[in-house]
Amino acid sequence: MKKFLFSLSTFLIFCTNSISSEISTVDISFLLKNSNQGKSIEKKLENLNSKHLKKFQEKKKILETEEKKVSSKKNILSKEDFNKEVLKFKEKVKNYENERRKSSQEINDIKLKEIAKLLEKINKILIEYSNKNSISTVIDKKNIIIIKKDNDITKDILKLFDDKYKKIK
């Protein structure tokens with residue numbers, strides 16, 4: 001009986017060790033934020049966002065000035081003319097809001113497309129790395145509660161990724 005228990009425990013220890021070496025984790029968020037291409041995409045999006053923000057702030061100031069002009073004409077113009085002015089102004093505000101929403105959506109679409117391209121490249125590196133190192137399963141770190149630090153391959157992947165994709169497009 002003792003031999004059986006010893007054999008069973010030895011078998012389980014070896015199985016556990018072999019299984020744990022086949023499962024690894026990677027922090028995808030870390031790779032997206034800290035890879036050279038990830039940083040480049042973030043900087044590109046920040047620049048694009050700030051350009052659009054500046055553009056819309058200028059338009060907003062113009063609209064605020066125009067609103068003051070329209071409201072100052074209230075006692076000067078007839079009710080009918082004043083209502084026409086108000087309708088024209090409201091149309092401009094509506095166009096401004098639509099343009100701003102459209103611009104925001106375009107930036108979001110660019111962000112999603114760039115991140116998808118980056119994730120595709122990261123996935124290629126993960127596949128190459130897992131094949132080379134006999135890893136059967138790679139799980140995103142955010143979905144793990146407890147795992148050995150030895151099984152975290154994030155820094156290895158980051159180095160391989162930055163080495164392979166040095167030129168930022």
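Reader: How far apart are Asp163 and Lys159 in helix H5?

Author: Being four residues apart, Asp163 and Lys159 are separated by about one helical turn of H5. Helices here are DSSP runs (H or I, at least four residues), numbered from the N terminus. This is a predicted model: local features need pLDDT of at least 70, side-chain atom pairs count only at pLDDT 80 or more, and totals for chains, interfaces and linings use all residues. Residues are numbered from 1 along each chain as its sequence is written, and side-chain values use heavy atoms, with hydrogens and water left out.

Reader: What do the side chains of Asp163 and Lys159 form?

Author: Side chains of opposite charge can pair when their charged atoms come close. Asp163 and Lys159 meet in a salt bridge, 3.1 Å from N to O (a side-chain nitrogen of Lys or Arg within 4 Å of a carboxyl oxygen of Asp or Glu).

Reader: How is the packing of H4 and H5 described?

Author: Two packed helices are described by the angle between their axes and the distance between the axes. The axes of H4 (residues 79-132) and H5 (residues 154-164) come within 10 Å and cross at roughly 115°. Axes are lines fitted to C-alpha atoms, for helices over the stretch in contact, and angles run from 0 to 180 degrees between N-to-C directions. H4 and H5 are therefore roughly perpendicular (65 to 115 degrees).

Terms used. Helices (H or I, at least four residues) and strands (E, at least two) are DSSP runs, numbered from the N terminus. Angles under 35 degrees count as roughly parallel, over 145 as roughly antiparallel, 65 to 115 as roughly perpendicular and the rest as oblique.
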